[in-house]
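Dear colleague,

I am handing over the structure below, together with some notes on what was found in it. Please read the notes with the coordinates open beside you.

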Amino acid sequence: MQRFTWKPGKTPAGSQTFTAYDISNHDSSSHHHGDNHQNNTHHHYAPSSSPPMSSRLPQDRLEGFVSKGAAHNSLERGIDAPKCHPKTREAVQENILSHIARGEEKVLWLTGPAGAGKTAIMGSIADECHATGSLAGSFFISESAMKVDRCSKRYLIPTLAFHLLELIPGLRALILTSIKNNPSVFDKQLEHQVEILILGPIRELCETADASEWPKAVLVDGVDECASDKGQEYRTERDRWKSKEGNQREVLAALIRAAADPSFPFRLIIASRPEQHIEKYFSSLPAGVIKKIFLDAKFSPEADVELYGKSMLNTIGMDYGLQGKWYCPVGEALGIENVPRHLAQQSSGQFVYIATVIRYIQDTSGGAHKRLEDILNWRPRNPSNPFEALDLLYSGILQTSPNPVLAAKWIHAINSGVGKTVYFAPPTANFEYWRSMCLLESFPGETKHLFNPLMSLVRIVDEKGEPDFHLYHKSLSDSLKDPKRCGAFYITKDDLHGFLAHRHIQVLKNKGPQGQLPPEAILGVILRGICSDLPDYIGHPHTKEYDASHVGWWFSHLPVPTRQPIHTAFQNAHRNCNSFSHTPTCELWTGYLKRYARDMGRDLPRRERFSSFRLGWQ
């Protein structure tokens with residue numbers, strides 16, 4: 001078997017990260033990616049292969065910042081996107097719809113604890129408004145979608161502007177002209193984006209148009225899931241949280257800025273958890289600016305949970321040919337007289353609990369009776385803890401994986417972003433999925449092996465049948481982050497770092513992914529990201545089962561010759577050394593870097609003066 005090898009030699013200077021995918025310059029050669037041989041094409045990034053961003057047509061530039069998957073009826077969210085079951089949540093839906101039609105406040109804040117059904121309510125409101133022609137725009141923010149455009153603040157205002165120009169006659173030309181006149185708009189703060197993309201064009205249109213005929217509602221769900229800035233280095237987890245909270249406040253400020261403008265004719269419906277910084281922001285606003293709806297006992301959530309549970313258990317029975325109220329004998333055998341009511345009581349009003357229960361039972365690979373019996377046996381010891389039943393449910397389902405702890409590590413790793421470095425990728429579906437799997441899979445098909453039994457928690461195939469990785473609810477991440485809630489499934493930062501170090505080293509040893517390979521168009525981009533992150537992990541204790549050819553493979557996949565990966569590799573290779581002894585890892589990496597530096601006509605410095613070393617790269 002012929003391996004791909006690399007010999008040290010001069011590489012092009014410069015540290016530009018090119019953002020154009022040029023397929024006009026390529027050469028075909030045999031590459032080695034792990035144990036898979038392919039005739040791949042070298043694709044080169046060239047700055048001249050596409051015009052500068054500011055010279056593109058305004059609509060093309062706008063669509064570059066539009067999250068198509070964030071719309072209420074997007075294919076990405078799918079037909080199973082959260083909605084209220086018929087005859088449930090009727091009181092709160094009527095409250096919101098009447099406010100859209102006649103409410104005095106221009107902003108309504110729907111809030112409530114995790115799992116209370118906020119996104120389902122917003123989904124049903126969006127559907128109703130869309131059906132009646134009163135939906136002007138929507139954005140469903142979602143961290144669990146694992147896609148940057150679903151949780152980054154940068155996509156919010158452009159997406160809402162795009163929805164408005166599609167619906168309101170005459171607004172398209174005004175918005176596109178505003179983009180042409182303000183070419184840096186997408187790099188501005190959100191309050192300035194609101195003015196340039198939405199308020200300014202609306203003011204101009206209102207001089208000749210009647211806004212009373214326009215749709216009435218703009219919906220933004222999940223503000224508490226707006227993420228920290230991507231691509232930033234954070235010294236501590238607290239710094240990351242401060243960035244996240246700051247972004248959420250900026251989103252709220254921009255939305256309130258829009259609603260406060262007399263020319264803004266819409267009712268703005270915002271949904272989020274009652275996080276302290278969000279509560280504090282809304283409390284700081286003058287009286288009469290917002291209306292708040294909190295999902296508590298006055299909306300009878302347990303009664304709605306019971307109704308939904310009973311309806312869905314009956315549906316499962318009909319779908320799988322089970323006789324009558326098939327669930328009653330299962331409950332009676334355990335001393336439970338009314339199964340739907342018992343599940344409602346266990347839920348503590350959290351719709352995510354009953355939704356997860358139903359998804360788990362619907363996967364009849366283990367038999368509906370047996371799966372319901374399992375759930376009824378997972379009883380909390382402390383009924384006063386509203387999350388204990390949900391945590392037990394999550395833990396019980398995770399145990400059905402062939403390697404539960406590894407599955408939990410995967411979820412932790414994917415939630416953490418898997419790798420810090422992402423280089424521009426050509427438009428390819430499910431890039432985030434492939435980026436994760438190229439690093440995490442130790443054999444082809446491991447994703448299905450681990451997560452097929454967990455289909456009630458995680459979706460691994462999207463609506464189009466394409467591979468995907470999507471947590472059904474953020475509360476699973478919340479549970480796994482708290483050692484008191486998830487117990488044995490809690491993964492410390494050190495354990496996660498060790499796991500990611502192991503996976504990076506395994507990709508290095510294999511000279512490529514060990515699992516299923518992604519589409520050719522993004523393989524090189526993914527490998528560049530993995531290889532750029534690898535130096536962060538080589539100092540972690542590991543068995544050196546590789547040689548200089550592997551280090552050469554790593555170097556050949558760096559995106560461009562920059563100092564930082566070399567600097568980091570040198571520092572971390574020495575991490576477990578002292579003045580008197582060196583580890584095999586240290587000797588290998590230092591020797592390789594020394595040969596490369598000699599080839600470049602440079603001297604490899606001593607460790608203590610490496611920070612002043614220059615390889616001639618800028």
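**What was found**

Aspartate 462 sits in the loop that lies between strand 10 (458–461) and strand 11 (467–471). Please keep in mind throughout that this is a predicted model. The relative accessibility of aspartate 462 is 13%, and because buried means under 20%, this residue counts as buried. When its neighbours within four places in sequence are left aside, aspartate 462 is in contact with Asn430 and Asp468.

The axes of helix 6 (residues 171–181) and helix 7 (residues 190–206) come within 9 Å and cross at roughly 130°, which makes helix 6 oblique to helix 7. The crossing in which helix 6 passes helix 7 is right-handed. On the side of helix 6, the contact is made by Leu171, Leu174, Ile175, Ser178 and Ile179, while helix 7 contributes Ile196, Leu197, Pro201, Ile202, Glu204 and Leu205. Sorted by class, this contact of helix 6 with helix 7 has nine nonpolar residues, one polar residue and one charged residue.

Finally, there is helix 8 (residues 237–260), which has 24 residues and reaches 34 Å from its first C-alpha to its last, close to the 34 Å expected at 1.5 Å a residue. Which residues of helix 8 are buried? Among them are Lys244, Glu245, Asn247 and Gln248, and the buried residues also include Val251, Leu252, Leu255 and Ile256.

Note on methods
Residues numbered from 1 in each chain as written. Predicted model: local features only at pLDDT ≥ 70, side-chain atom pairs only at ≥ 80, totals over all residues. Heavy atoms only, no water. Axes fitted to C-alpha atoms, helices over the stretch in contact; angles between N-to-C directions. Helix = DSSP H or I, 4+ residues; strand = E, 2+ residues; numbered from the N terminus. Parallel < 35°, antiparallel > 145°, perpendicular 65-115°, else oblique. Left-handed = near helix turned anticlockwise from the far one by under 90°. Contact = heavy atoms within 4.5 Å. Nonpolar A, V, L, I, M, F, W, Y, C, P; charged D, E, K, R; others polar. Buried < 20%, exposed > 50% of the residue type's maximum accessible area, 1.4 Å probe, protein only. Expected span 1.5 Å × (residues − 1).
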